[in-house]
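Hi,

Here is the structure I promised to pass on.

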Amino acid sequence: MPAAPSSRRAAARAASSFRPDDHHVLPSAHRLRRPAEFGRTVRGGARAGRDTLVVHLLVDDEGDAAPQVGFVVSKAVGNAVQRNLVKRRLREIARAMMGDPGNNGFPERGRVVVRALPAASRATFAELRRDLTTATEKAVVRVTRSA
């Protein structure tokens with residue numbers, strides 16, 4: 001492992017050379033961004049909760065076919081380091097679920113808001129994956145049952 005850069009210029013070169021791989025980023029087309037989209041999904045969607053998170057799912061017949069996901073991680077989850085760790089883990093799990101719509105993935109035209117609960121800061125990656133998968137399955141069942 002190389003030592004830390006010894007000057008500001010070297011540190012700037014090292015930082016500018018880092019580019020995350022595309023397979024580690026949730027694509028732009030799959031992200032919820034606007035507060036109105038979050039609010040509409042939370043108010044109008046089916047809700048399913050687990051120990052570490054709550055999933056709100058709305059199937060939007062008017063929107064894009066690609067599923068979209070947004071995350072809500074409040075200060076109740078922990079300090080900034082803990083919140084960012086939870087967000088990174090949830091984004092990676094959601095990115096993996098995007099490629100699997102028929103089998104434990106997000107449905108087409110699905111708008112999903114994932115709200116992390118305080119227990120998420122103590123959960124492992126595997127626990128978060130299990131909770132997000134099962135909560136999504138439960139929400140999909142509720143949406144199809146109400147339709």
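Let me start with a proline: Pro27 has a relative accessibility of 36%, so it counts as partly exposed (the class between buried, under 20% relative accessible area, and exposed, over 50%, with a 1.4 Å probe and protein chains only). Pro27 sits in the loop that joins helix 1 (8-17) to helix 2 (35-44). Its C-alpha lies 8.1 Å from that of Arg95, although 68 residues separate Pro27 and Arg95 in sequence.

A word on where this comes from: it is a predicted model, with local features needing pLDDT of at least 70 and side-chain atom pairs counting only at pLDDT 80 or more, while totals for chains, interfaces and linings use all residues. Residues are numbered from 1 along each chain as its sequence is written, and side-chain values use heavy atoms, leaving out hydrogens and water.

Now the overall picture. The protein chain has four helices and four strands, in the order α-α-β-β-β-α-β-α from the N terminus. Helices here are DSSP runs of H or I with at least four residues, strands are E runs with at least two, and both are numbered from the N terminus. Of the 147 residues, 36% are buried. The chain exposes about 9200 Å², 51% of it from carbon and sulfur atoms (Shrake-Rupley, 1.4 Å probe; for residues, only the protein chains shown count as cover). Looking at contacts (heavy atoms within 4.5 Å) with a separation of 6 or more, 81% are between residues 24 or more positions apart.

The helix pair I'd look at is helix 3 (residues 80-98) with helix 4 (residues 125-146): they pack at about 50°, and their axes are 10 Å apart. Axes are lines fitted to C-alpha atoms, for helices over the stretch in contact, and angles run from 0 to 180 degrees between N-to-C directions. Helix 3 and helix 4 are therefore oblique to each other; that label covers whatever is left after roughly parallel (under 35 degrees), roughly antiparallel (over 145) and roughly perpendicular (65 to 115). On the helix 3 side, Arg89, Leu90, Glu92, Ile93, Ala94 and Met97 make the contact, meeting Phe125, Leu128, Arg129, Leu132, Thr133 and Thr136 of helix 4. By class, the residues of this contact are seven nonpolar, two polar and three charged (nonpolar: Ala, Val, Leu, Ile, Met, Phe, Trp, Tyr, Cys and Pro; charged: Asp, Glu, Lys and Arg; polar: the others, Gly among them).

Val54 counts as buried because its relative accessibility is 8%. From Val54 to Val113 it is 8.2 Å, C-alpha to C-alpha, across 59 residues of sequence.

Val141 is partly exposed, at 47% relative accessibility.

Asn79, between strand 3 (68-72) and helix 3, is partly exposed at 44%, and its C-alpha is 9.4 Å from that of Ser121, 42 residues away along the chain. Arg109, in the loop between helix 3 and strand 4 (110-116), has a positive phi near 60° without being a glycine. Most residues other than glycine have a negative phi. The relative accessible area of Arg109 is 30%, so this residue is partly exposed too.

Cheers
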